[in-house]
Amino acid sequence: MPLRALLANVTPRGRIVLGAVALGTVVVLILLMRMASAPSYTTLMTGLDPAQTGKVTAALDTKGIGYELQNNGTALAVEKGKTADARIALASAGLSGATAQPGYELLDRQKLGTSNFQQNINYQRALEGEIAKTVEQVDGVNGAQVQLVLPDREAQLFSDNSSPATAAVLLSSGGTLDPGAVRGIAQLVANSVPGLQTDKVTITDGTGEMLWPTGSGDGASGGDGGLLAKQAAEARYDAAMASSLNAMLARTLGPDKAQVQVHADLDANEATQEQLTYGRRGVALQAQTERETLRGGGAGAGGTAGVGGNAPAYAQTGAGGRSDYRRDSSNDVFGVDKTVTRTRIAPGAINAQQVSVLLDRSVPASAIPQIRAAVASAAGIVARRGDVLTVGQVAFARLPTAAAPSPVATYGGYLKYVFVGLATLGFLLFVTRQLKRRESETLAGTPTWLSEIQAPRTLAELERLEADDHPTQVRPLRTPEQPARLQVEDLVERDPDRVAQQVRAWMAEDEG
């Protein structure tokens with residue numbers, strides 16, 4: 001049925017309903033199209049200097065790249081598929097990133113007649129900008145500001161008057177930086193400035209928390225930095241050990257049956273140990289052998305004075321005074337094997353630890369010895385080191401059970417879809433009912449086409465009559481005395497097949 005005929009057969013109330021539904025459908029389609037065609041943005045810059053915002057947006061507008069300013073103009077987001085194009089456009093415009101510190105390009109704009117003081121200041125500013133650009137390339141760093149304090153070059157001629165170089169770095173990061181990354185940034189800054197030591201570098205984040213040397217950077221030795229590093233290491237060890245023990249007990253006893261707390265005393269000092277070991281058997285380093293002999297005849301009794309007469313009696317043998325003297329001696333020098341072992345002891349050794357285990361009353365008492373042995377083995381309890389393991393059993397407090405969600409909150413998301421479906425079904429039923437009611441209405445008067453159907457003519461006759469008798473006949477205007485009859489006649493002219501089908505249906509009902 002054509003739309004015009006459908007609208008003609010619908011009551012005014014039905015027309016209002018159809019118009020409202022059509023308007024709502026158009027509005028929903030428009031919203032869906034806008035949501036589907038809305039571009040997706042990804043963050044390109046954070047910590048953007050407001051002084052550079054106009055330049056950045058102008059560069060993107062020139063290239064036709066869509067963008068969106070976030071965080072009160074300090075962050076820039078571009079269309080997701082045009083990130084590379086945006087970076088190229090900003091680099092071509094000389095906008096390297098979020099930092100407002102110029103680099104070595106500052107030295108290209110030197111003016112004639114610049115004093116030595118101005119040259120030193122420009123060099124310091126350029127060095128700060130280059131270091132900031134390098135630090136911003138570290139993963140996790142969104143922006144960096146670097147401030148350097150360099151000693152006077154003239155004062156360096158006199159070591160007593162020179163002051164060490166220092167550096168202050170302010171980082172803008174999207175999250176928590178790894179301690180290794182902070183240590184690397186400190187080393188990078190120190191190696192970029194002549195005469196700068198890592199302990200003279202200060203690194204803080206946007207919240208003011210010090211990351212180096214007294215924070216998680218773990219750079220200071222001793223003092224507050226060493227204490228904080230020791231506390232951080234102990235906290236990590238306690239959390240890891242307690243989590244491991246709780247998981248083991250929860251797997252064996254069940255959830256909410258045991259609770260473990262660990263407190264360890266770690267040695268945060270780095271030391272070097274030397275050990276000297278001697279071998280049990282000596283090794284001959286030098287051997288010396290000496291032999292002395294004396295042979296000859298001696299003088300008889302009453303001989304002449306001299307050495308022969310004064311010789312000892314034991315050197316004289318025989319009646320004739322012959323001597324045979326021999327002496328052997330040896331001198332050996334032995335060495336002992338010696339081994340020197342130098343060992344570097346890394347920080348983190350356990351001085352002592354205390355482990356506390358609380359069990360619920362529902363745990364059988366017969367299982368406590370096995371639990372104690374398992375925890376002692378898993379935690380590495382060493383009694384001679386001073387470790388303490390305490391196991392207790394108390395009644396655990398029952399955890400409050402979460403209230404069951406209301407049916408409205410649970411099925412609220414489904415109810416709206418059910419409501420929309422019922423509303424659509426009701427509208428369709430209403431329209432179908434109106435159409436059936438219009439079809440069942442009786443026609444006033446006898447239509448002309450009904451009498452023509454009783455005496456049908458062939459198609460050839462109709463064509464001949466139209467071509468011969470009245471080729472250009474114009475039908476007279478119909479009087480609006482019978483509007484229902486006119487509507488039926490118009491319907492017959494527009495859709496004769498449907499009218500014929502309806503008439504056949506009526507005739508079949510009458511015959512039945």
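1. The side chains of Glu292 and Arg327 meet in a salt bridge, at 2.7 Å from N to O. A salt bridge here is a side-chain nitrogen of Lys or Arg within 4 Å of a carboxyl oxygen of Asp or Glu. The pair links distant parts of the chain, with Glu292 in strand E9 and Arg327 in strand E10, 35 residues apart. Helices (H or I, at least four residues) and strands (E, at least two) are DSSP runs, numbered from the N terminus. Glu292 counts as partly exposed because its relative accessibility is 35%, and Arg327 is partly exposed at 33%. For these labels, buried means under 20% relative accessible area, exposed over 50%, and partly exposed in between, with a 1.4 Å probe and protein chains only. Glu292 and Arg327 also belong to a network of salt bridges that includes Glu290.

2. On the basis of the note: this is a predicted model, in which local features need pLDDT of at least 70 and side-chain atom pairs count only at pLDDT 80 or more, while totals for chains, interfaces and linings use all residues. Residues are numbered from 1 along each chain as its sequence is written, and side-chain values use heavy atoms, with hydrogens and water left out.

3. Asp328 is in strand E10 (residues 322-345) and Arg291 in strand E9 (residues 271-297), 37 residues apart. Asp328 has 46% relative accessibility and therefore counts as partly exposed; Arg291, at 57%, counts as exposed. Asp328 also meets the side chain of Arg326 in a salt bridge, at 3.7 Å from N to O. Arg326 counts as exposed because its relative accessibility is 53%. A search of the whole structure finds eight salt bridges.

4. The protein chain as a whole has 14 helices and 12 strands. Of its 512 residues, 21% count as buried. Among contacts (heavy atoms within 4.5 Å) between residues at least 6 apart in sequence, 70% join residues at least 24 apart.

5. Helix H5 covers residues 116-136, and its end C-alpha atoms are 30 Å apart; this agrees with the 30 Å that its 21 residues should span at 1.5 Å a residue. The expected span is 1.5 Å times one less than the number of residues. Buried residues of H5 include Asn122, Leu127, Ile131, Ala132 and Val135. Among the elements that cover them are strand E4 (141-149), strand E5 (166-173) and helix H6 (179-192).

6. The largest nonpolar core has 24 residues, and Ile131, Val135, Leu171, Val189, Leu196, Val201 and Ile203 touch the most other members. H5, E4, E5, H6, E6 and E7 each supply at least two residues of this core, and H6 gives the most, with five. Apart from it lies another core, of 17 residues, among them Leu249, Val262, Val375 and Leu389. A nonpolar core is a set of buried Ala, Val, Leu, Ile, Met, Phe, Trp, Tyr and Cys residues joined through side-chain atoms within 4.5 Å. In soluble globular proteins, nonpolar side chains tend to be buried together.

7. Val135 gives a local view of the core with 24 residues. Not counting residues up to four places away in sequence, Val135 touches Val141, Ala144, Leu171, Ile185, Leu188 and Val189.

8. Asp205 deserves a separate look. Asp205 lies in the loop between strand E6 (201-204) and strand E7 (210-212). Asp205 is buried yet has no salt bridge, and the nearest side chain of opposite charge, Arg236, is 15 Å away. Lys and Arg count as positive and Asp and Glu as negative, with His and the chain ends not counted. The side chain of Asp205 does reach the backbone nitrogen of Glu209, at 2.8 Å. Leaving aside residues up to four places away in sequence, Asp205 touches Leu170, Leu171 and Leu211.

9. Two backbone details remain. The peptide bond from Trp212 to Pro213 is cis, with omega near 10°, and Pro213 lies in the loop between E7 and helix H7 (223-253). Asp256 has a positive phi of about 60° although it is not a glycine. Asp256 is placed in the loop between H7 and strand E8 (258-267), and counts as exposed because its relative accessibility is 51%.

Methods. Polar contact = N/O pair within 3.5 Å; in protein donor to acceptor, adjacent residues only side chain to side chain.
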